[in-house]
Amino acid sequence: MNLYAIKAIYVFEMARTFRTPLQSFASPVISTILYFVVFGSAIGNRMLPIGDVSYGAFIVPGLIMLTVMTQSVANASFGIYFPKFLGTIYEHLSAPISPFEMVAGYVGAAATKSVVVGFIILAVSFLFVSLRIEHVVLAFLFLIMTAFCFSLLGFILGLWAKNFEQLNFVPTLIITPLVFLGGSFYSIDMLPSAWQVVSMFNPAMYLISGFRWAFFGVSEVPIQVSFLAVMLFAGLFLGIIAYIFKTGYRLRN
Amino acid sequence: MSSVIKVRNVTKKYADEKVALADLSVDISSGEIIALLGPNGAGKTTLISIICGLTTLTAGNVFVDGLDIEADYREARSLIGLVPQELVLEPFETVMGTVTLSRGLFGRSPNPELIKSILENLSLWDKRASPIRELSGGMKRRVLIAKALSHEPKILFLDEPTAGVDVDLRRDMWRLIKNLKATGVTVVLTTHYIEEAEEIADRIAVIDKGRILLVEEKTVLMERLGKKQLSIDLDKPLSGLPTTLMDLGITLENDGKKLIYNYNVDLSDSKISEILLAIRSEQIQINDVHTEQSSLEDIFIELVTEGQS
């Protein structure tokens, strides 16, 4: 195991984050504050509580997941795409690094950044709403697993993308709609029954539901199903990455 | 000298069926500087890319220090440093940051003293905290070399190392490469500058259309394939060439004012003495005599032209 390589990639990627703190941390936090102001305060005050949870508190897990999922995809895809774009990827390909080590470095850094942003949003949310977390350890575990899972997806996207347009295509047109329609701002139970069935095919719904369960003890689907969904996604994404490295798809000629 | 790299019957065929390397075999000796010469698209960079792991091979084997580059990729790659042709560097990263990354990627523990020594040798120590984007082209080239040397490789590949650099830097690079050789590093370089190969290489490999045309010691190559030309400027032009001189292979040029005699560098039986005696016996007055030797460039062009025909 080339631990020095994992560390080198991880440190390098984290250093890039701290070189651009406004983009890395301030931007998602400001976006989230705006969501709180609009959905939590302005609209939220007119919304009925969901169960015994106020609407303002209800959207906190969804907002965190929304940011963690989109940030994970963006961080990991950019992390691996940028060396491809610049041509510096030659060094990774000529180094004694296994695919696993490369994934560990890039995905580890991307997931770390997303989790840090998630914590910042959680801290900010305490300024706006009264909040309780019933299962702190599980919430933390779920957050890490989701960040890891979507960072894997971002890594695949970065390997696949041939240009910046493709790099932005998936987060904008696929990930964001899935997360928005996965119950970030509402309970699936609030939808008409037909749309509830459609939502069952939205993978983001299982993750948001599981994370919300860790906060309030209530969820759209059983927590076990949410965990299983995370594991399935992680397994699927790891399999795709293994295939890419085995075949050299868009990496080696 | 033992072979540190063995390329055996390597073929590289791309998806569009274009053959970049065709059953190519070559040995590279430990501690030598070998220059790969060839026209654009000859397969030089493809060969380097395969050995370094950037490109997969279609058939054949490559061994680095006895290690198969596919089966034993970790050990094999850890012995190799690569300086690419393009100035591919992260513009916002610092010199120290990017060189430190390189050492880590190759699985080596941090060694600030070594990095300092490498940067000092390449006159980059003062720029260690500078972002790459603020460096000149020559400095960026040196950063790439520093990155390649950061994990103390046994073999260094330099793909067009002096492309686009000024004369002073080019000579600095040559000095650096010779110093690396002195420390036991094997250097494989591709170059378009024949002068560069002539200056620093121990051996020359000529590649064209994915095949090795020859691999030869530079000095042997120059002697074997190099040609010399004897030019004799005459005091008065000749209306015709005397038979005695014609029989010796002399030609008359420049409106009868110059005698030309071509001969091989390694021929000990050149007819120069006979020619001079014949000129004397023909009572031809000479103004000046000089010789020219064909350069490696002339030899290279001749080889490639012959190969293409």
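In the predicted model, strand 11 and strand 14 (residues 286-293) of chain B pair in the antiparallel sense, with seven bridges between them. Strands of a sheet pair through backbone hydrogen bonds, in either a parallel or an antiparallel sense.

The domain assignment of chain B places a boundary in this part of the sequence: domain 1 covers 3-223 and domain 2 covers 227-293. Taken over C-alpha atoms, the centres of domain 1 and domain 2 of chain B are 46 Å apart. Chain B has a radius of gyration of 25 Å, whereas a compact globule of 309 residues would have one near 19 Å. Along the principal axes, the C-alpha atoms of chain B fill a box of roughly 80 × 45 × 35 Å. In total, chain B has 11 helices and 14 strands. Of its 309 residues, 36% count as buried. Among the contacts in chain B with a separation of 6 or more, 72% are accounted for by residues 24 or more positions apart.

Strand 1 (residues 3-13) and strand 2 (residues 19-29) of chain B run antiparallel and are joined by seven bridges. The two strands form a hairpin with five residues between them. At the turn, B:K13 stands opposite B:V19 of strand 2 of chain B, and B:E17 in the turn has a positive phi of about 75°.

An open sheet in chain B is formed by six strands in the order 6-7-8-3-9-10, with mixed pairing. Its edges are strand 6 (80-83) and strand 10 (211-217) of chain B, each of which pairs on one side only. From one strand to the next, the twist averages 15°. Within this sheet, strand 3 (residues 33-37) and strand 8 (residues 186-190) of chain B run parallel and are joined by four bridges. B:L36 stands opposite B:T190 in strand 8 of chain B.

Helix 5 (residues 137-149) of chain B packs on the sheet, where it touches strand 6 and strand 7 (155-159) of chain B. The direction of helix 5 makes about 170° with that of strand 6 of chain B. Helix 6 (residues 167-182) of chain B lies across strand 3, strand 7 and strand 8 of chain B, and runs at about 150° to strand 8.

Most residues other than glycine have a negative phi. B:E152, in the loop between helix 5 and strand 7 of chain B, has a positive phi near 55°. B:E152 is partly exposed, because 16 other C-beta atoms lie within 10 Å, a count between the limits of 12 or fewer for exposed and 20 or more for buried. B:K209 lies in the loop between strand 9 (203-208) and strand 10 of chain B, and its phi is also positive, near 50°. B:K209 likewise counts as partly exposed, because it has 17 C-beta neighbours inside 10 Å.

Chain A has 10 helices and zero strands, and its pattern along the sequence is α-α-α-α-α-α-α-α-α-α. The radius of gyration of chain A is 19 Å, close to the 18 Å given by the globule rule for 253 residues, so chain A is as compact as a globular protein of that length. The C-alpha trace of chain A spans about 60 × 35 × 35 Å along its principal axes. Of the 253 residues of chain A, 47% count as buried. Residues 24 or more positions apart make up 82% of the contacts in chain A with a separation of 6 or more.

The contact between the chains takes 22 residues from chain A and 28 residues from chain B. On the side of chain A that touches chain B, helix 1 (3-19) and helix 4 (89-94) of chain A each supply at least two residues. Helix 1 of chain A gives the largest share of this side, seven residues. By class, the side of chain A that touches chain B has 11 nonpolar, seven polar and four charged residues.

Definitions and conventions:
Residues are numbered from 1 along each chain as its sequence is written. Chains are lettered from A and ligands numbered from 1 in the order in which they are written. This is a predicted model: local features need pLDDT of at least 70, side-chain atom pairs count only at pLDDT 80 or more; totals for chains, interfaces and linings use all residues. The radius of gyration is taken over C-alpha atoms; the globule rule is 2.2 Å times the number of residues to the power 0.38. Two residues are in contact if their C-beta atoms, placed from the backbone, lie within 7 Å. Two strands pair if DSSP finds at least two bridges between them. Axes are lines fitted to C-alpha atoms, for helices over the stretch in contact, and angles run from 0 to 180 degrees between N-to-C directions. Ala, Val, Leu, Ile, Met, Phe, Trp, Tyr, Cys and Pro count as nonpolar, Asp, Glu, Lys and Arg as charged, and the others, Gly among them, as polar. Domain bounds come from an automatic or database domain assignment.
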